[in-house]
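Please look over the sequence and the three-dimensional structure shown here before reading the report.

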Amino acid sequence: MPGDRPRVLIFSCDIGAGHDLPARLLGEAIRERRPGAHVEIVDSLDAAGPIVHKLIRDNSEAMLEHAPRLFDAQYHFVTRVRPVRWIASRLAYRLSRRGFAEAIRVASPDVVVSTYPGANEVLGHMRRRGECPMPLVSAITDLAALRFWAHPRFDLHLIIHAESEREVRELAGPRTRIEHASGLSDPQFLEPRDQGEARRDLGLPADGPLVLISGGGWGIGDLEGATRVCLAAAPDLGAVVLCGTNEALRARLDAAFAGEPRVRTEGFTSRMSDYLAAADVLVHSTAGLTVLEAQMRGTHAISYGWGVGHIRDNNRAYRDFGLAEVASTPEELAAALARALASPRSPDLSLAALPSAADLVLELAGSPG
């Protein structure tokens with residue numbers, strides 16, 4: 001029976017770390033709860049084929065780092081101009097359908113989960129045409145800009161922010177189920193962590209304010225400018241700059257701050273829980289799950305350094321809901337940093353009481369499509 005040995009297929013994507021990490025964590029939690037479960041994680045762009053992979057993955061990385069205005073224009077046309085959105089949606093389906101159908105055939109899932117919004121349009125079309133009859137779940141890790149995250153053909157939308165529910169409902173319609181859930185971030189975030197111990201374990205100074213500066217998995221945004229603003233804020237302030245997989249960026253920052261003992265650069269890390277526990281403030285360029293993780297750790301979050309495309313829409317929502325500060329200029333960043341350092345926050349472990357994403361997916365896996 002599906003409930004005894006459920007089969008779960010997760011469509012993820014290797015763009016930054018905001019899609020692959022939730023997919024991996026969800027898969028691990030499902031296996032932990034149901035040892036007999038079969039979980040398959042598929043990269044959406046690999047499944048779609050080399051044309052889509054090159055158009056989306058390869059071009060996205062180049063645009064995000066070198067041509068943000070072009071990315072912004074592309075985002076505007078695809079999300080705001082209906083004829084362009086219609087064409088893009090149909091083209092995505094035509095190019096990706098065969099690869100997606102093969103992944104579904106091989107996995108033979110009881111439920112399909114997407115942690116990548118680009119997969120949702122394809123899966124939604126397949127569901128409408130009877131090519132994907134099993135239940136569909138969208139695991140949403142953004143606060144806003146949910147045009148492609150939310151889809152009326154999906155049975156369940158998992159959200160990490162309760163504030164996202166209204167937008168999901170407007171886009172997906174009244175029949176879809178929406179659940180505010182935990183389990184799309186590292187479970188360590190739901191456990192208390194002492195700041196002093198975290199600093200000691202990471203080899204960071206025990207005293208003085210500490211700012212964590214992050215450019216997401218690909219290391220994009222004005223990380224050097226953010227670092228200079230932070231160093232000017234206080235003589236004893238330390239900065240850890242997370243460069244993700246962008247080794248060229250890390251090399252540039254090491255050269256720019258050579259001889260500055262208050263700056264430490266890191267590449268891609270699996271220790272975000274410890275770094276956020278150690279820090280007083282997070283300056284982050286790409287929004288997403290990391291802002292929620294900062295909230296859980298009691299770390300002030302400031303969005304700065306790359307406010308285009310969907311990040312602009314998320315920044316607007318951060319302001320409206322009071323979930324994070326948003327700075328557009330170095331001067332605004334300096335002011336936001338001063339406010340954050342003057343008013344420490346307490347950790348928010350209330351998300352531990354939320355239903356688990358893994359449990360919700362397993363529940364749906366045992367339901368008829």
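The report below takes up selected contacts, ring pairs, salt bridges and backbone angles in turn.

## Basis of the report

This is a predicted model, in which local features need pLDDT of at least 70 and side-chain atom pairs count only at pLDDT 80 or more, while totals for chains, interfaces and linings use all residues. Residues are numbered from 1 along each chain as its sequence is written, and side-chain values use heavy atoms, with hydrogens and water left out.

## The aromatic pair

The structure holds one aromatic pair, where rings of Phe, Tyr and Trp (its six-membered ring) pair if their centres lie within 6.5 Å, planes under 30 degrees apart counting as stacked, over 60 as edge-to-face and the rest as tilted. The partners are F11 and F100, which are stacked, with 4.5 Å from centre to centre and 15° between the planes. Because F11 belongs to strand β1 (residues 7-12) and F100 to helix α5 (residues 82-107), the pair ties together parts that are 89 residues apart in sequence; helices (H or I, at least four residues) and strands (E, at least two) are DSSP runs, numbered from the N terminus.

## Salt bridges

The structure holds 19 salt bridges, a salt bridge being a side-chain nitrogen of Lys or Arg within 4 Å of a carboxyl oxygen of Asp or Glu. One of them joins the side chains of R80 and D313, at 2.7 Å from N to O. This pair links distant parts of the chain, with R80 in helix α4 (residues 68-80) and D313 in helix α13, 233 residues apart. R80 is partly exposed, with a relative accessible area of 47%, whereas D313 is buried, at 10%.

The side chains of R97 and E131 meet in another salt bridge, at 3.0 Å from N to O. R97 lies in helix α5 and E131 in the loop between α6 (117-128) and β4, so this pair ties together parts that are 34 residues apart in sequence. Within helix α5, R105 forms a salt bridge with E102, the closest N and O atoms being 2.8 Å apart. Because R105 and E102 are three residues apart in that helix, about one helical turn separates them. R105 counts as exposed, at 57% relative accessibility, and E102 as partly exposed, at 38%. Salt bridges that share partners also join R193, E197, D201, R271 and D274 into one network.

## Buried residues and their contacts

R199, in helix α8 (residues 195-202), counts as buried at 2% relative accessibility. Leaving aside neighbours within four places in sequence, R199 is in contact (heavy atoms within 4.5 Å) with residues including L204, P205, A278 and D280. The backbone oxygen of A206 lies 3.5 Å from a polar atom of the side chain of R199.

T299 lies in the loop between α12 (289-297) and β11 (300-303), and counts as buried at 0% relative accessibility. Not counting residues up to four places away in sequence, T299 touches L276, A279, D280, V281, L282, A294 and R345. In helix α13 (residues 310-321) is A317, which counts as buried at 7% relative accessibility. With neighbours within four places in sequence set aside, A317 is in contact with L143 and A144.

## Positive phi angles

Most residues other than glycine have a negative phi. Phi of A145, however, is near 60°, a positive value in a residue other than glycine. A145 is found in the loop between β4 (136-140) and β5 (156-159), and counts as buried at 16% relative accessibility.

A positive value also belongs to A287, a residue other than glycine whose phi is near 55°. The place of A287 is the loop between β10 (281-284) and α12, and A287 counts as buried at 4% relative accessibility.

Notes
Buried < 20%, exposed > 50% of the residue type's maximum accessible area, 1.4 Å probe, protein only. Polar contact = N/O pair within 3.5 Å; in protein donor to acceptor, adjacent residues only side chain to side chain.
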